[in-house]
Amino acid sequence: MSTTLTPVLSRTWDQPDSFTLAAYEREGGYRAMRTAFGMEPDAIVQAVKDSGLRGRGGAGFPTGMKWGFLPPSSPNPRYLVVNADESEPGTCKDIPLMLANPHVLVEGVIISSYAIRSNHAFIYVRGEVLHVIRRLQQAVAEAYEAGYLGKDILGTGYDLELVVHTGAGAYICGEETALLDSLEGYRGQPRLKPPFPAVAGLYGGPTVINNVESIASVPSIVANGADWFASMGTEKSKGFGIFSLSGHVTRPGQYEAPLGITLRELLDMAGGVRKGHRLKFWTPGGSSTPLFTDEHLDVPLDFESVGAAGSMLGTRALQIFDETTCVVRAVQRWSEFYAHESCGKCTPCREGTYWYKQVFKRLEAGQGTEEDLQTLLDLSDNILGRSFCALGDGATSPVTSSIKLFRDEYIAHFTQGGCPFDPAKSTVWAGEQ
Amino acid sequence: MSYAPETLAQLERDAKEIIARYPKPRSALLPMLHLVQSVDGHITSDGVEFCAEQLGITPAQVTGVATFYTMYKHDRVGEYHVGVCTNTLCAVMGGDQIWDELSEHVGVGHDEATEDGRISLERIECNAACDFAPVMTVNWEFFDNMTPEKAKKLVDDLRAGKEVAPTRGPNSVCTWKQASRILAGFPDGRAGEGPQAGEPTLVGLELAKQRGWEAPPADAARPEPDDPAAGSQTRGDIHK
């Protein structure tokens with residue numbers, strides 16, 4: 001095996017008190033913050049640019065470049081907003097990170113805010129994760145207590161307020177402009193871009209919005225150098241990332257590795273697909289990324305290679321499904337999810353996902369026809385690229401990719417008059433009863 | 001509004017504190033809706049009116065927001081609000097069977113509460129714990145690696161008033177109203193309870209330790225920081 005794991009963010013997670021300030025500092029935490037305060041803010045922005053860090057929330061936009069888009073002067077205050085609204089089906093990396101080590105995120109917020117000259121930062125965390133919220137609240141309180149937040153931090157003259165803001169159950173708020181509307185106290189609906197948040201974001205001020213893992217990676221770049229970060233990963237997808245394996249795999253969980261590792265390598269580390277079964281399909285980066293099969297086991301999991309193979313790296317949410325799983329059932333459920341979560345602003349997404357839901361209900365019940373498959377593809381054509389944000393685009397991914405890869409399975413549903421699969425065989429406890 | 005004077009006084013103090021966190025008052029609306037749920041259990045016309053008055057907006061504007069987000073409830077919620085993830089991955093791994101058996105066992109459906117007001121059920125969407133599938137929640141605490149039997153016992157214990165501990169959470173679950181207060185930004189002092197991580201969270205790290213895998217050492221040529229108080233960047237640093 002050529003690629004090995006590289007625990008950086010996950011390195012201290014096995015310490016029972018890893019979430020406390022004391023444990024974080026014992027392991028060297030908040031030293032990068034002190035290093036950063038000895039640097040010019042622009043030098044930090046440059047270091048993040050040089051590192052090649054790309055957004056870890058799915059889109060993969062270069063983080064340093066995003067920071068560089070802030071206008072040099074503006075009458076309005078600048079803001080840093082951390083997107084901790086982790087909700088993409090299959091994605092489960094930021095939540096365990098914040099549970100085990102919220103301080104690395106707080107330190108990242110301090111360094112990043114200092115770098116972009118912001119004095120007010122927010123962590124927008126989804127609401128359905130109560131203990132993670134407790135840990136974040138405590139970490140922020142500890143950082144204030146230690147003088148790392150508030151007025152005149154460590155005598156530098158730099159001020160920073162950090163607010164933990166709790167969402168209320170809406171997948172769409174993971175979309176950055178919907179998140180801003182939500183944070184301003186409105187329904188979370190995406191804004192038209194441009195203007196981009198860097199120019200007119202929170203309260204109309206210049207705003208940087210970054211994913212939890214992106215911001216949590218910043219202290220390591222400041223501490224160890226841009227070249228160190230760039231020495232990991234591939235040419236255009238540098239650094240490490242958390243890969244989350246779930247589903248029909250022997251040892252599901254979090255595997256922190258350089259970008260460019262393959263599913264074959266990761267599955268080998270995770271003990272393979274569950275015993276007695278074989279890989280049928282998988283998502284490289286959550287439900288909004290087109291499905292892969294066992295033909296894609298050796299695709300390097302970096303932005304370019306996954307894209308070239310017809311999908312997206314997304315959030316590295318590797319959901320593994322074995323041959324007991326009905327792909328129509330899987331995609332039906334995702335389609336119901338997108339219909340439930342569509343904010344309703346754009347007609348193609350609102351109506352299109354609703355239609356998906358109706359057609360899938362027929363198909364899974366064995367009452368569909370081949371014409372329904374064409375209807376699904378026509379609907380997809382009318383959703384993709386026709387809405388303000390990527391929610392609708394994401395909804396089309398599992399639909400079009402599954403029809404392409406498993407057309408026969410769709411057809412079997414109506415030639416056999418029902419679903420040919422037994423859902424009991426897919427469960428964790430199948431074979432135990 | 002029909003709040004008792006002391007309840008109203010407390011709500012006003014809390015609202016003032018929430019509003020003070022933000023550069024603009026309207027940003028306080030989401031936490032304030034969690035706050036009124038911590039008093040009323042769900043969004044009532046009193047709660048809507050209170051939020052509107054505090055923020056200087058109309059009740060219609062508040063209602064427009066409250067109806068957008070699924071965590072705001074418009075009907076009675078149980079003291080213990082039980083969620084079963086039925087998004088694709090959890091559903092396939094057994095969440096659908098858990099839901100069917102639990103819903104029948106409790107006798108209520110999606111977003112419905114029992115007569116005694118102890119339990120309500122919800123089919124929840126992906127809760128970012130897929131490596132622990134099938135996943136459930138009680139008042140938004142994690143209950144990992146569930147089965148239909150464990151699910152039914154969990155609910156029976158909650159109804160019987162027994163203390164129940166989440167898999168990754170504090171030593172016992174708090175009530176729905178207490179949870180709502182934390183969501184409004186008022187900590188309950190229990191962040192230190194419970195584990196730092198679950199087993200799947202650590203599989204990669206443990207494998208790396210067994211095999212001696214580490215991230216590469218820091219840039220050798222990297223200069224020390226100018227600030228002498230900055231401390232040395234040793235290879236033992238957390239950020240390595």
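1. Contact here means heavy atoms within 4.5 Å of each other. The model under discussion is predicted. In this model, Asn210(A) touches Thr63(A), Lys66(A), Trp67(A), Leu80(A), Val81(A), Val82(A), Asn83(A) and Ile215(A), leaving aside residues up to four places away in sequence.

2. Asn210(A) belongs to strand S4 of chain A, which spans residues 207-211. The relative accessible area of Asn210(A) is 4%; since buried means under 20%, this residue is classed as buried. Its side chain also makes a polar contact, at 2.9 Å, with the side chain of Trp67(A), one of the residues that Asn210(A) touches.

3. Elsewhere in chain A, four strands form an open sheet in the order S6-S5-S8-S7, and their pairing is mixed. From one strand to the next, the twist averages 25 degrees.

4. Within this sheet, strand S5 (residues 240-247) and strand S8 (residues 317-322) of chain A run parallel and are joined by four bridges. Gly247(A) has Ile320(A) as its bridge partner in S8(A).

5. The largest cavity holds about 70 Å³ of space. It is lined by 13 residues, of which Ser342(A), Cys343(A), Cys346(A), Cys349(A) and Cys389(A) are the closest to its centre.

Definitions and conventions:
Residues numbered from 1 in each chain as written. Chains lettered and ligands numbered in written order. Predicted model: local features only at pLDDT ≥ 70, side-chain atom pairs only at ≥ 80, totals over all residues. Heavy atoms only, no water. Helix = DSSP H or I, 4+ residues; strand = E, 2+ residues; numbered from the N terminus. Buried < 20%, exposed > 50% of the residue type's maximum accessible area, 1.4 Å probe, protein only. Polar contact = N/O pair within 3.5 Å; in protein donor to acceptor, adjacent residues only side chain to side chain. Pairing = 2+ DSSP bridges. Axes fitted to C-alpha atoms, helices over the stretch in contact; angles between N-to-C directions. 1 Å grid on protein atoms, 1.4 Å probe; cavity = no way out; pocket = protein on both sides within 12 Å on 5 of 7 lines; lining within 4 Å. Points joined across faces, edges and corners; volume = space filled by probe spheres on them.
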